[in-house]
Amino acid sequence: MEVSMTVNGRAVSADVEPRTLLVHFLRENLRLTGTHVGCETGYCGACTVHVDGKAVKSCTMLAVQAEGADVKTIESLASNGNLHPVQEGFWERHGLQCGFCTPGMIMASVALLDENNNPSEDEIRHGIEGNLCRCTGYHNIVRAVEYAGAKMRGEEPPPPDWEGGE
Amino acid sequence: MYPRKFDYVAPSSLDEAFEALGDDSKVMAGGMSLIPLMKLRLFSPALVVDIARIPGLDTLDDKGDHITIGALVRHAETAASDLIRSNAAALSTAAALTGDVQVRNRGTTCGTMAHADAVADQPAGALACGAVMIAQSASGTREIPASEFFVDSLTSALNPDEILTSIRIPKSGDGEGSAYDKLGRRGGRSDYAVAGAAAWVKRSNGSITEARVAVTGIGTKPTLAEGVAEALIGTDGSASAVEAAAERALEGVTVLEDLYGSEEYKSHLAKVYAKRAINQALASI
């Protein structure tokens, strides 16, 4: 059936089966492969994208459910070669090891900081509760989100742990 | 991982939805319970009736002596509602502890009721708060008390031709309070309940005059622990009275062992969480 939505600011439409998942529509129809397919059962959050401004798991949503929606993927974050503060945070604070969970972690973190750009460590950990990192890199992911929050507030980020910061 | 093939309709009115519903169809709101089941091929309906495009089902309304939660109100909205927090704290907390951020952004409070998972949070809150489920079909409306709604694992009292269009929650009065607490599978309160309990109490002149306590996570369905309520009523709600009442949390429940706990462990947790929920409810009055 016909489905139309806006993805990263671009109007798109396609003829899809009702069972087509949003993540497959993004990856296979639109070739936006930044969004990853992880666990496939809604646990891992690697497929996190924004639908109408809210973080959702695109492996647990049908493409047809996104009819008329405004969808944003990891590809929408950087502009003109400048990283989004959260992407910069993951880079600067080494918030990834293998990188598989990273697109979902970043999209969940962006949604978290959009609602509250000064979260406590506890709020960050709960905010990314729906995203699993099997390298267990959570410590630096939290630091990356703190870095991004500081940048978004126009403040100097705390120094990295390895330079004696806390 | 795809579901099996199915037909899909997104009606724009309840009447259209009723017309579409048949023996091998399933209603979908957010899809956070249904889609994983279909992807795992545990369930393969021939037709999915997506009610998300039906206007008027997405509101959470103050109706004077009660609140209604429409079929499309998401967990995140139930959790963020001051109206729910101040009148049905057990349901509010249960909504806040459902799934994770992404799940709460899509899944609906009515959906988790209709899904009737034995380890879900909000059904316990609905039982304790005395909710009434409003089931509509082409032939009319049924009002089903929460205490009669949860039938078995993944089985509610809804008929295949019915849609849970809203939930009615009585507003909180003087001397009343409620709370929900749980142990989650990932420790703390994260993920599905290994065991959880919701409590609603009414206290007048120092003694408990009414109570409802529900347990979840431990058996085949969220269940009202009537023995606990019976034991609480007439007491002063002291720590020892609450402890003694919570000992009866397993009456009428078949405790099932699963990957997250033995029968013995879950039985213990049910009593611990019944006690905690009652104490928190009393402290909130």
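The backbone oxygen of A:Gly99 lies 3.1 Å from a polar atom in the side chain of A:Thr102. That is a polar contact: a pair of N or O atoms within 3.5 Å, where, within protein, one must be able to donate a hydrogen and the other to accept it, and residues adjacent in sequence count only if both atoms are side-chain atoms. This is a predicted model, in which local features need pLDDT of at least 70 and side-chain atom pairs count only at pLDDT 80 or more, while totals for chains, interfaces and linings use all residues. Residues are numbered from 1 along each chain as its sequence is written, chains are lettered from A and ligands numbered from 1 in the order in which they are written, and side-chain values use heavy atoms, with hydrogens and water left out.

**Two threonines**

A:Thr102 sits in helix α3 of chain A, which covers residues 102–115. Helices (H or I, at least four residues) and strands (E, at least two) are DSSP runs, numbered from the N terminus. A:Thr102 is buried, at 9% relative accessible area. Buried means under 20%, exposed means over 50%, and partly exposed is in between, with a 1.4 Å probe and protein chains only. Leaving out residues up to four places away in sequence, A:Thr102 touches A:Phe90 and A:Leu96. Here contact means heavy atoms within 4.5 Å.

Now turn to chain B. B:Thr98 lies in the loop between α5 (89–96) and α6 (101–106). B:Thr98 is buried, with a relative accessible area of 9%. Its side chain reaches the backbone oxygen of B:Ala94 at 2.7 Å. Not counting residues up to four places away in sequence, B:Thr98 touches B:His75, B:Arg104, B:Asp121 and B:Gln122.

**Loop residues**

B:Asp24 is in the loop between α1 (14–20) and β2 (25–28) of chain B. Apart from neighbours within four places in sequence, B:Asp24 contacts B:Ser44, B:Pro45, B:Ala46 and B:Leu47. B:Asp24 and B:Val48 are 24 residues apart in sequence, and their C-alpha atoms are 8.9 Å apart in space.

Most residues other than glycine have a negative phi. A:Asn80 is not a glycine, yet its phi is positive, at about 50 degrees. A:Asn80 lies in the loop between β5 (70–72) and α2 (85–92) of chain A. B:Arg41 also has a positive phi, near 60 degrees, and is a residue other than glycine. B:Arg41 is found in the loop between α2 (34–39) and β3 (47–50) of chain B.

How open are these loop residues?

| Residue | Relative accessible area | Class |
|---|---|---|
| B:Asp24 | 45% | B:Asp24 is partly exposed |
| A:Asn80 | 78% | A:Asn80 is exposed |
| B:Arg41 | 36% | B:Arg41 is partly exposed |

**Chain A as a whole**

Chain A has five helices and five strands. From the N terminus, the order is β-β-α-β-β-β-α-α-α-α. The radius of gyration of chain A is 16 Å, close to the 15 Å from the globule rule for 166 residues, so chain A is as compact as a globular protein of that length. The radius is taken over C-alpha atoms, and the rule is 2.2 Å times the number of residues to the power 0.38. Along its principal axes, the C-alpha trace of chain A spans about 55 × 30 × 25 Å.

Buried residues make up 54% of the 166 residues in chain A. Of the contacts in chain A with a separation of 6 or more, 55% join residues 24 or more positions apart.
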